[in-house]
Amino acid sequence: MSNSILVVGGGFSGLTAALEAAELGYEVYIVEKSPFLGGRVAQLNKYFPKLCPPSCGLEIQFQRIKKNPNVKFLTMATVDSVEGESGNFTVKVSIAPRCTAPSSADLGELASSLESEVADEFNLGLATRKPLYMDTPFAFPNRYVLEPKKLSSADAIKVGASESCDLNEAPKEIELSVGSIILATGWKPYDVTNLTNLGAGQITNCISNMQMERLASPNGPTDGAIARPSDGKAPEKIAFVQCAGSRDQNHLGFCSYICCMASLKQALYVREQYPDADVTIYYIDMRTPGRYDKFMRKAVADEKLHLVKGKVAGVEEDVATGDVIVEVEDAVKGHKAKIRHDMVVLATGMQPSLAGAANPFGVTLDDEGFVVDGEAKGIFSAGCAQKPLDVMRTAQSGTSAALKAIQTVRGR
């Protein structure tokens, strides 16, 4: 029987689960598919409940990892297969090549000198980046990633001359023996291109809520300036459309829990940056549970922040100006209208990362992709692998999963 614990996912719930178990003396492996730990929180400008920047909470977690020899993490890694049973799992893991030396903090100058540009997934398509990169200044591990296949011929020669880069590094496969598994696989933004009636993916100045987080972030594509993607202008009139794809049998059938709070938070981003801007939130039901109700009352006290209860039927673009025209039915006043905005933000839902993805763990997923069993097998879910959660409740679920995993490896 193995006393080791595998945590799949290096976001906030995974980090919490791993550290709680490691600090009680258990060997923990974190397997993270992206090059850096931190998950979705790392992409935010600020997060609840204290509206801290992500570096605030994550750097504490990263320091705890550095100081704890019980934690071993694998980035750019995916689980291929899981065999065995509770207390005795054999897990095969594939690790993609990073193509840089373990200590590569000096690669910033080389990266900036490259001519090649590729789509920046971390900034959700709002910018491009170099094929030699780190996502954020506080990225952990603080080590560049090189994508050799995306280099131009000239860039490949330049990078190949660096002792810190290896254009020919090969992928690896390893095998881990663990006693229990925690699935902290997190969430992904719902694919906005499915929301054709809302202009998603077609109208430049109609963006998703996660794109809004990147625009507002100091390390984002505009250095924190909230600006229209089409022309870089400051928006004077901006709208938020709630439940964009959520609570909809054709898309996500559930409420994503945090979207109302996220839009209120982002409305404050706009109002703090542009004191004269008008903000409207079109909503079906404004859901701000528990302590967040106080936050909502504070936000709506702003005379330039308007809540309109009504279903948005469609969004179209004024091609000449780049403005976005929202067709909405005001449920309170009982009339339909088309209203012009400089910019629209779609509150797209939180889809579990396992939805539509490989499931080598043998757990049951519901119709939406959330984990619904596994505990009897020694496999526990945490964070948004279970259901939509905010950061605080994600951390709590990580602690809960860690305690259950420890009970399993201890034989209860």
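Helix α1 passes helix α2 in a left-handed crossing, a crossing being left-handed if the near helix is turned anticlockwise from the far one by less than a right angle, and right-handed if clockwise. The model is predicted: local features need pLDDT of at least 70 and side-chain atom pairs count only at pLDDT 80 or more, while totals for chains, interfaces and linings use all residues. Residues are numbered from 1 along each chain as its sequence is written, and side-chain values use heavy atoms, with hydrogens and water left out.

Two packed helices are described by the angle between their axes and the distance between the axes. For α1 (residues 12-22) and α2 (residues 54-67), the angle is about 35° and the axes lie 11 Å apart. Axes are lines fitted to C-alpha atoms, for helices over the stretch in contact, and angles run from 0 to 180 degrees between N-to-C directions. Helices (H or I, at least four residues) and strands (E, at least two) are DSSP runs, numbered from the N terminus. Phe12, Leu15, Thr16 and Leu19 of α1 meet residues of α2 that include Leu58, Phe62 and Ile65, where contact means heavy atoms within 4.5 Å.

From α6, Met261, Leu264, Lys265 and Leu268 meet Tyr292, Phe295, Met296 and Ala299 of α7. Seven nonpolar, no polar and one charged residues make up this contact.

Three strands form an open sheet in the order β4-β5-β10, with antiparallel pairing; two strands pair if DSSP finds at least two bridges between them. Because β4 (77-85) and β10 (172-178) stand at the edges with a single partner strand each, one side of each is left without a neighbour in the sheet. The twist averages 20° from one strand to the next. Strand β5 (residues 88-95) pairs with β10 over seven bridges in the antiparallel sense, and Ser94 stands opposite Glu173 in β10.

How values were computed: Ala, Val, Leu, Ile, Met, Phe, Trp, Tyr, Cys and Pro count as nonpolar, Asp, Glu, Lys and Arg as charged, and the others, Gly among them, as polar.
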